[in-house]
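Trainee: I would like to go through some labels and ask what each rests on.
Mentor: Go ahead; each label can be set against its definition.

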Amino acid sequence: MKKKTIRISQISLPPGHSSEQVLEKACRMAGVKKENILHFEIIKQSIDARKKQELTYIYSANLTIPSGMRYQKNRHVTEISPVVYHPVCCGKEPLKDPVAVIGTGPAGLFCAYLLAVRGYCPVVFERGKSVDERTADVERFWEGAELLPESNVQFGEGGAGTFSDGKLNTLVKDKYGRNRFVLETFVKFGAPEEILYVNKPHIGTDLLRTVVKNMRNEIIRAGGQVFFSSKVTGFQTEQGRISSLEINHTRQFPVSAAVFAIGHSARDTFAMLYHSGVPMQPKAFAAGMRVEHPQSMINRNQYADFAGLPKLPPASYKLTHQSSGGRSVYSFCMCPGGYVVNASSEAGMLAVNGMSYHDRDSRNANSAIIVSVSPADFDNPDDPLSGLAFQRRLEQNAYEAGRGAIPQQLFGDFENNTTSTGYGAFSSCAKGKTAFANLRQIFPETLNEAFLEGMHAFARVIPEFDRQDAILSGVESRTSSPVRIPRDDSLESTVAGLYPCGEGAGYAGGITSAAMDGLKTAEAIMKKYKPANQS
């Protein structure tokens, strides 16, 4: 039977409805009978709380119907051609040696996964431990154990996103279907199906660990290999092309190509690549602090009288401000019902991040409120590694301020430049030891001034956002990579066969966009080479 798909948008329903009611209203809007529907799929769900006395769920849905069936076409009912992800066909060049993927964050994981299921038998090197071992190390660290430089919130299976909110929304335009493929793959390996349609999808650190492990097992089942505690410490070339990798300073591993999906915190690997002749550029990023408010306060602002309804998710926000000094100030990685975590990865330095479990049931909301930083702020704007030095200086200041613990301060005391002596009406939700300190001393004063201006500006959007007892934690410095590794149209560096990939290389910003870049990089390799079993 020939079929066609129609998209129905602006399907509005009150709280407490069922998916069956979504289908029924979609059919009414399209003027078709429910019994003639061949397939029904919710594509997007969002909550409209602009009218504080009238909260509404808004849906978009697809209905598949027989091709000859008539429907009521209007601006909310249109025929579509669904985009299905179809990676490119295989190339012609045989693989003399394996393709290596360095890093198991979302970019490396999805790159390796696609290569594996297409018969390329990739070899994956991860400097950290498997996700179960890594989780145990991280939890011990939060309880007071010594930091392990190769097994922490930044390094290990799953990458930095494993200990985050697990957000999956992205602003990347996706005409090839990679975004949908990423979400469907997450669901296939254990993520909740709701991520396929909710407006701001997230998995949560607890579920993401299982998804990561299941994807690794599928890579192995499909012919790939995964090696943990295996840091790439160097590489060799022959006639301008990468020929082998040095692992842990001890052994050489021959490769035909190497995907460097190393994440934004692999500072030693950035330095190794740069000093080995791989071109790099300094890149702007942002730095600031985690800010905690009671989740109930954020819910009231978003949902008004509906706050507290059992099926409503913890509310989130997104805030931006252009400071009088020209710097952008904005919220980043907002974690409803989340935790502030010690996300350090180097001795004598301290960085924080936000993390949520799937249920987002912490009493506090937190978000990074960050200020733009450009190469002009670095000591040597022409040095590609100068952004790393800027980050490290902030993290050293934070470590010293908190004497190794997460330094915290109430917003009112930050503004008055005095150290806090206790919490206000609510206390912090933090993973890791905390200590009161004066966070003003961590940052250049130009960043402090922009941060203060932004907090007061945000209070005009969310009342009491600048409340005196809002809890600040420092320092949020790993917002994005401070370097970019240039690549050409084939996605290779000037070193042939070396593929910079993902957030660390400067081509993504978050789990989904990094995963999409991993797919894109795998496609470039597949376009050039035959699968391993055909070489």
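Trainee: What makes strand β19 (residues 406–410) "mostly covered"?
Mentor: Five of its five residues are buried, where buried means under 20% relative accessible area, exposed over 50% and partly exposed in between, with a 1.4 Å probe and protein chains only. This is a predicted model, in which local features need pLDDT of at least 70, side-chain atom pairs count only at pLDDT 80 or more, and totals for chains, interfaces and linings use all residues. Residues are numbered from 1 along each chain as its sequence is written, and side-chain values use heavy atoms, leaving out hydrogens and water.

Trainee: Which residues point which way from β19?
Mentor: Ile406, Gln408 and Leu410 point one way, Pro407 and Gln409 the other way, and all are buried.

Trainee: What joins β19 to β21 (residues 434–436)?
Mentor: Three bridges, with the strands running parallel. In β21, Gln408 has Phe436 as its bridge partner.

Trainee: Why are the buried residues of α3 said to lie on the same side?
Mentor: The buried residues are Val131, Arg134, Thr135, Asp137, Val138, Phe141 and Trp142. They cover an arc of only 165° around the axis, which puts them on the same side of α3; the arc is that of the directions from the helix axis to the C-beta atoms.

Notes. Helix = DSSP H or I, 4+ residues; strand = E, 2+ residues; numbered from the N terminus. Pairing = 2+ DSSP bridges.
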